[in-house]
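Here is a short briefing on one strand, its neighbours and a pocket. Please look over the sequence and the model first.

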Amino acid sequence: MIQIKEISAQETFPVRLEVLRKNIALPYEFNGDFNSETFHLGAFKDDELIAVSSYMKTGNSNFEGNQYQLRGMATLTEYQGSGVGKLMLQQAFLILKERNTKVLWCNARIAAVNFYLKQGFKTFGEKFDILPVGAHYVMFKELN
Ligand SMILES: CC(C)(COP(=O)(O)OP(=O)(O)OC[C@H]1O[C@@H](n2cnc3c(N)ncnc32)[C@H](O)[C@@H]1OP(=O)(O)O)[C@@H](O)C(=O)NCCC(=O)NCCS
């Protein structure tokens, strides 16, 4: 049974490191991790943290209204495709709606674009590079 809970920034770091920063020399701590409006979600299988995601009140000038940015979306490899990423996002949508958020946006790695499309996100604009990770799209989901 999977449970989605709010967790601290520090709790996200091991999963971020393992899934998002292997062989990638970028920080696993993000600007805004400790801002008071930021929240972090974790998916637990029994007592094991198997997926994390972070939500920061960062505006993107391409969108209007209250916005949050999704960052550090990561599920441990052995649990990918088992529905936990989707569960975390569904919980986030509820929290963000309570906070009157109009748009949730992210810089999506190419390999994750189809995952986000399935969760109701759309791509915005052209593909761009974030070195050394590779190609990304801005993606967004309108809430409400
Ligand atoms: C992308 C990622 C966060 C998705 O999380 P997840 O827990 O594996 O996703 P879920 O199991 O909830 O998947 C929900 C649906 O999306 C599909 N899906 C998941 N990852 C996918 C992918 N990369 N491409 C296409 N479809 C994908 C699942 O098959 C599932 O489909 P269904 O609802 O028809 O059964 C996860 O695979 C991951 O950590 N990948 C590596 C790191 C990464 O790329 N993070 C995103 C950075 S922007």
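This is a predicted model. In strand E7 (residues 134–142), Val138 stands opposite Asn107. That pair belongs to the antiparallel pairing of E5 with E7, which runs over seven bridges.

**Strand E5 and its partners**
- Strand E5 covers residues 103–109, and five of its seven residues are buried, so the strand is largely enclosed by the rest of the structure.
- On the E4 side, E5 runs parallel to strand E4 (residues 67–75), and three bridges join the two.

**The β-α-β unit and helix H2**
- E4, helix H2 (residues 84–98) and E5 together make a β-α-β unit, and the unit is right-handed.
- H2 has 15 residues. From first C-alpha to last, H2 reaches 22 Å, close to the 21 Å expected at 1.5 Å a residue.
- The buried residues of H2 are Val84, Gly85, Met88, Leu89, Ala92, Phe93, Ile95 and Leu96.
- An α-helix has 3.6 residues a turn, so residues three or four places apart point the same way.
- After H2 comes Asn100, with a positive phi near 55 degrees.

**Arg109**
- Arg109 lies in strand E5.
- Is Arg109 buried or partly exposed? Its relative accessibility is 26%, so Arg109 counts as partly exposed; the buried class needs under 20%.
- Arg109 and Gly134 are 25 residues apart along the chain, yet their C-alpha atoms are separated by 7.4 Å.
- Arg109 is also among the residues that lie nearest the centre of the largest pocket.

**The largest pocket**
- The largest pocket holds about 870 Å³ of space.
- Its lining has 31 residues. Leu20, Met73, Arg109, Ala112 and Tyr116 lie nearest the centre.
- Which elements each supply at least two residues of the lining? They are helix H1 (9–20), E4, H2, E5 and helix H3 (113–118).
- E4 gives the most to the lining, with seven residues.
- By residue type, the lining divides into 17 nonpolar, 10 polar and four charged residues.

**To recap**
- E4 pairs with E5 in the parallel sense, and E4 also gives the most residues to the lining of the largest pocket.
- E5 is largely enclosed, while its residue Arg109 counts as partly exposed.

Definitions and conventions
Residues numbered from 1 in each chain as written. Predicted model: local features only at pLDDT ≥ 70, side-chain atom pairs only at ≥ 80, totals over all residues. Heavy atoms only, no water. Buried < 20%, exposed > 50% of the residue type's maximum accessible area, 1.4 Å probe, protein only. Helix = DSSP H or I, 4+ residues; strand = E, 2+ residues; numbered from the N terminus. Pairing = 2+ DSSP bridges. Right-handed = clockwise from strand over helix to strand, strands pointing away. 1 Å grid on protein atoms, 1.4 Å probe; cavity = no way out; pocket = protein on both sides within 12 Å on 5 of 7 lines; lining within 4 Å. Points joined across faces, edges and corners; volume = space filled by probe spheres on them. Nonpolar A, V, L, I, M, F, W, Y, C, P; charged D, E, K, R; others polar. Expected span 1.5 Å × (residues − 1).
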